[in-house]
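Please look through the strands of the structure shown here before reading on. The points that follow are meant for someone who has not seen it before.

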Amino acid sequence: MTTARPFLTILAQRALQAFIVAFIVGIVSFAMMQALPGDAAYRIAAGRYGYDMMDAAAAEAVRVELGLDRHWIVQLFDWLGALAQFDLGRSLVYGSPVIDEISVQLGYSLLLAAGAVIASLLIAVPVGIAAGLKPGGLVDRVTLAISIFVRAIPAFALGVVLVLAFAVQLKLFPVAGFRGPEHLVLPSLTLGLGLAAVSNRVVRDAVADAMAAEWQLFARTKGLSARLSVLRHVLRNASLPVVTYVGVQMAYLIEGVVIVETVFAWPGIGHALVHAIFARDVAMVQGTALTLGLIYVALNLVIDLACRGIDPRTRSA
Amino acid sequence: MTDQTQTGAMPRPRRAWPRIRPARGLGFTLLALLALCAVAGPDLVGQDPAKQSLLDARQPPSAANLLGTDHLGRDMAARLLSGAQLSLSLAVLSVLTAGLPGTLLGIAAAWYGGWTDRLLTSFADAVLALPGLLLVLMLAAISPGSWWALYAGISLTLWVEYFRYTRQRARIVIAEPAVEASRLLGLTPALIIRRHLVPEIGPGLLTIAAFGAATAVTAVAALGFVSVGVRPPTAEWGVMMTELLPYWREAPFLILQPVACLVITVLALHLSVGGMRRP
Amino acid sequence: MIRRLCAAIFFSALFLPLPSLAEEKSRVTIASPWEVSSFDTAVSGFAIQALEIMENLVDADETGALQPGLATSWSASDDGLTWTFQLRDGVTFHDGTAFDPAAAAQSLTRSWQKPGVLAKAPVTGVSAKGDAVVFTLERPFAALPAILAHATTIIQAPSALDADGQPSALIGTGPFKVERFTPPQSIDLLRNDSYWGAAPKIPAASYLAAGRAETRALLAESGDADMVFTLDPSGFARLENVDSVKTLAVPIPRVVTLKVNAAHRFFSDPRARQALSLAINRDGIATAITRFPEAAAGQLFPPALSGWHSPSLPRLGYDVEAAKGLLAELGWTAGDDGILVKDGERFSILLRTFPDRPELPLMAAALQDQWREIGVELQVSVASYSEIPAGHQDGTLHVALYARNYALTPDPIGTVLQDFGPGGGDWGAMGWENTEVADALTAISATGDQALRSKNIAKVARILHDELPVIPIVWYQHTVAVASGLQGVVIDPLQRSYGLSKVSWSE
């Protein structure tokens with residue numbers, strides 16, 4: 001937790017953390033799936049065949065096919081053994097390899113998350129800087145009020161309003177789907193607005209803090225123009241908490257966009273996770289959870305390195 | 001994780017308890033009003049939130065139904081009040097159960113340091129890396145539509161924040177010469193914590209609690225929207241939004257009501273801690 | 001706010017130019033609530049069939065009459081135990097491989113071994129013989145051709161299976177081939193130019209699964225989707241006033257029914273089930289929830305199920321006092337809180353239903369309120385639909401609310417036999433046996449004689465109406481919104497096809 005660590009130590013720590021996360025996520029998700037009430041064979045059969053075709057005979061066929069009557073320890077070791085060979089197994093419901101399912105859905109999730117972060121930065125950075133340059137000023141207070149308001153509006157309501165305005169009335173963007181880049185705009189904007197509501201305050205606080213800090217005064221006494229000092233010092237120092245915050249946002253976005261995915265019919269990993277849990281698709285749940293956990297670790301690594309790049313103090317010693 | 005601490009490395013002047021300003025006064029007033037509504041519940045309008053009247057569905061506000069009726073002809077005012085009971089009690093409870101252990105563990109980690117610290121920190125990191133959605137969904141699936149599963153899931157994902165904040169602050173405070181002196185003087189840990197730590201972390205914890213409560217209220221509504229949270233016919237704001245969204249065109253005043261309740265609650269929570277700044 | 005707006009507009013501008021403005025409209029986009037998750041025909045057969053990617057040996061028209069499909073003709077042996085299906089010549093799969101009897105037999109054998117309608121038929125073997133496919137049966141079964149029209153018996157190419165025998169591609173013989181499949185949300189289709197029949201007029205089509213009804217209504221309104229299926233009542237009402245869209249409501253043979261555990265001591269007497277039925281305000285539910293007042297179910301089989309609906313049966317009524325009277329006859333008396341009590345036991349029961357069809361929890365809430373009027377306390381559990389077959393099997397189920405499609409195969413006998421035959425069915429009668437019904441159903445399934453069938457069908461319908469092993473509530477309407485520029489749209493009440501191969505854009 002101290003300020004400076006060599007590059008290799010960071011890597012090693014994150015690698016160890018990745019391993020621990022993989023292990024814990026695997027065990028926890030497996031244990032929880034076992035603890036769920038109801039007969040797994042029935043749930044899986046329901047997920048596979050739909051309620052018109054699903055009945056007790058289908059459930060029994062599923063039980064035999066997947067060996068669900070084996071002891072849970074045997075099933076767990078099966079999964080761990082396969083995982084050691086980088087095999088996530090096949091989806092119990094869809095029959096396709098889990099890795100295929102996840103890679104498709106994760107790709108779309110990452111795309112949406114990236115779109116949302118870009119949208120939020122485009123909104124938050126200018127707004128935050130404007131507010132932070134004069135803390136307590138009019139801009140600061142107005143943007144605070146708007147931020148709180150936007151933050152309180154549920155994502156789906158925001159989504160419906162945007163769809164009405166930009167898709168139905170102005171016919172600028174499509175309502176839902178994911179055929180081309182134009183489909184990305186409205187869901188990204190929905191998520192981005194929600195994020196920007198918080199992140200513009202982070203930018204504002206960081207800028208305000210940096211403005212107030214001692215070395216900033218020092219820079220001014222050195223005779224640099226106000227504009228230059230803002231550019232050189234304030235932004236550089238303000239970007240640290242912002243980068244950290246963007247990382248936290250990414251983690252939240254990748255898993256937390258189920259609602260926006262549902263409204264915009266976007267195929268994402270959050271959506272897949274919800275379905276997998278309800279259909280009792282253990283292999284999919286484990287695979288998805290594992291992927292999300294590892295992404296979290298990777299993101300933190302990227303943040304660490306980015307902070308090192310921005311602030312030389314974290315590199316020294 | 002380790003990163004956030006790096007920027008806060010330079011010690012800041014110790015903050016006093018913040019003064020009440022007009023915006024915060026408004027926040028507290030709103031909160032008090034909401035709490036009052038929640039305590040009184042549907043009795044306040046004398047209507048049964050579950051009583052249907054299918055042929056009087058989607059009526060605009062009237063003397064009998066102050067805020068109109070929903071798609072099944074139930075009284076909107078009674079349902080909103082019943083929803084307030086649920087959302088607010090859930091928020092308060094999850095904040096308490098997440099805040100108390102989070103804070104205590106944070107102090108313990110800072111006080112003892114060494115292996116205790118390392119163990120607790122890696123545990124918190126592991127919980128953070130577990131997708132929060134997974135945790136909530138799993139608990140919700142174990143007991144579909146139940147109230148406690150939601151509450152446990154939300155509470156379990158919230159405690160880490162208290163832990164990390166308390167630990168980081170407490171480490172700085174404990175390293176101060178004044179605290180060291182108190183320790184040498186043989187003052188009890190309880191006294192040291194009260195005298196030195198509480199003024200330092202108190203306001204910050206309050207802010208985190210308000211943020212946590214806002215998160216809890218919105219999370220419950222969001223889960224209701226993907227039909228994971230509490231189930232109909234329970235009157236819960238998120239469930240009501242989901243149920244009323246289909247009618248947003250012909251009866252927009254219906255869907256606006258639970259949305260407005262949610263907005264007011266979150267607004268009140270943020271105003272009462274003076275904005276959106278995380279400690 | 002201005003800044004925020006500017007930023008939003010700036011961001012939007014990044015994604016210009018929009019191809020949708022430039023491209024001439026040719027692709028037809030379908031939106032529907034159902035996700036397509038798998039390459040497996042046993043799982044995703046409905047969508048694969050409805051999008052005309054794969055075809056059946058036997059086809060059916062909108063009335064349910066069987067038509068030649070990949071088989072040009074079929075016949076049964078005199079003893080009814082062997083069926084021969086003569087296959088069409090000169091048909092190829094999308095990948096160019098030949099459609100031959102061996103391929104058909106392989107695909108059908110797979111369907112037979114997977115859970116599905118074919119697995120329930122009395123089939124003992126499937127084989128290729130000459131230019132035909134031959135089924136052997138253990139007893140006569142007249143409904144076999146109808147079952148071969150079902151979505152789970154569509155023919156996929158042998159090349160669609162991977163090395164493990166798992167389906168890994170969507171390769172069929174239909175008028176559309178798959179361009180891109182993104183499970184579970186979308187399928188892009190291209191016209192199959194070497195199709196054996198009349199080629200489709202549109203060059204390409206897309207299928208988009210949009211789970212939220214509001215999203216689908218907005219897709220229709222904005223013109224992003226050209227055919228939108230299954231609209232919510234409010235969205236449907238709204239779209240009726242939108243000029244660029246035509247709305248259609250077609251009655252379909254799907255019924256919202258209430259399954260009652262007749263083996264349970266509360267419901268073993270038919271009078272108890274009749275009382276529950278009398279306490280249901282079907283008109284109220286049909287008016288307020290589904291908004292098709294004429295769809296209140298007067299009997300189990302809807303008018304859309306021609307041949308099974310009996311106009312002569314009296315409508316199931318709504319009479320709270322009569323319901324109370326029947327329960328009083330059975331020895332129930334009102335307790336302090338208004339809930340009925342008998343032998344110290346409260347009339348408190350659990351209803352199981354599921355959220356996949358959004359109107360079901362609403363109807364459950366309505367039932368909860370309506371039954372409270374007659375002193376019946378109803379708890380509602382909204383969970384996975386698999387809880388219903390599971391509760392049927394372990395006997396713990398009280399009542400369950402679901403929507404049942406009685407025309408899964410063009411001939412409803414398969415479904416009805418499964419639901420009301422000996423032992424009842426997971427989605428039909430529970431703890432209820434009636435030898436008259438069982439005999440009548442056996443007779444219907446074994447014969448092709450229309451007069452004999454009609455007589456037995458009328459008998460089955462009457463007994464189900466009096467005994468109420470399942471209580472019908474409302475009949476379904478299939479709601480569709482179609483872009484007004486689209487011609488040749490035919491809505492199939494059996495939901496076997498979206499009719500893509502027949503639509504075209506008007507000039």
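**Strand pairing in chain C**

1. C:V123 stands opposite C:L137, a residue of β7(C). The two strands concerned are β6 (residues 123-129) and β7 of chain C, which pair in the antiparallel sense over six bridges; strands here are DSSP runs (E, at least two residues) numbered from the N terminus, and two of them pair if DSSP finds at least two bridges between them.

2. This is a predicted model, in which local features need pLDDT of at least 70, side-chain atom pairs count only at pLDDT 80 or more, and totals for chains, interfaces and linings use all residues. Residues are numbered from 1 along each chain as its sequence is written, chains are lettered from A and ligands numbered from 1 in the order in which they are written, and side-chain values use heavy atoms, with hydrogens and water left out.

3. Between β6(C) and β7(C), which form a hairpin, there are two residues, and C:G130 in the turn has a positive phi of about 60°.

4. Strand β7(C), residues 132-137, is also joined by five bridges to β5(C), residues 82-87, and these two run antiparallel; here C:T82 has C:T136 as its bridge partner. Five of the six residues of β7(C) are buried, meaning under 20% relative accessible area with a 1.4 Å probe and protein chains only.

5. Elsewhere in chain C, three strands form an open antiparallel sheet in the order β13-β14-β15. Its edge strands, β13 (333-334) and β15 (345-346), each pair on one side only. Two bridges join β13(C) to β14(C), residues 340-342, and C:T333 stands opposite C:V341.

Note on methods:
Buried means under 20% relative accessible area, exposed over 50%, partly exposed in between (1.4 Å probe, protein chains only). Helices (H or I, at least four residues) and strands (E, at least two) are DSSP runs, numbered from the N terminus.
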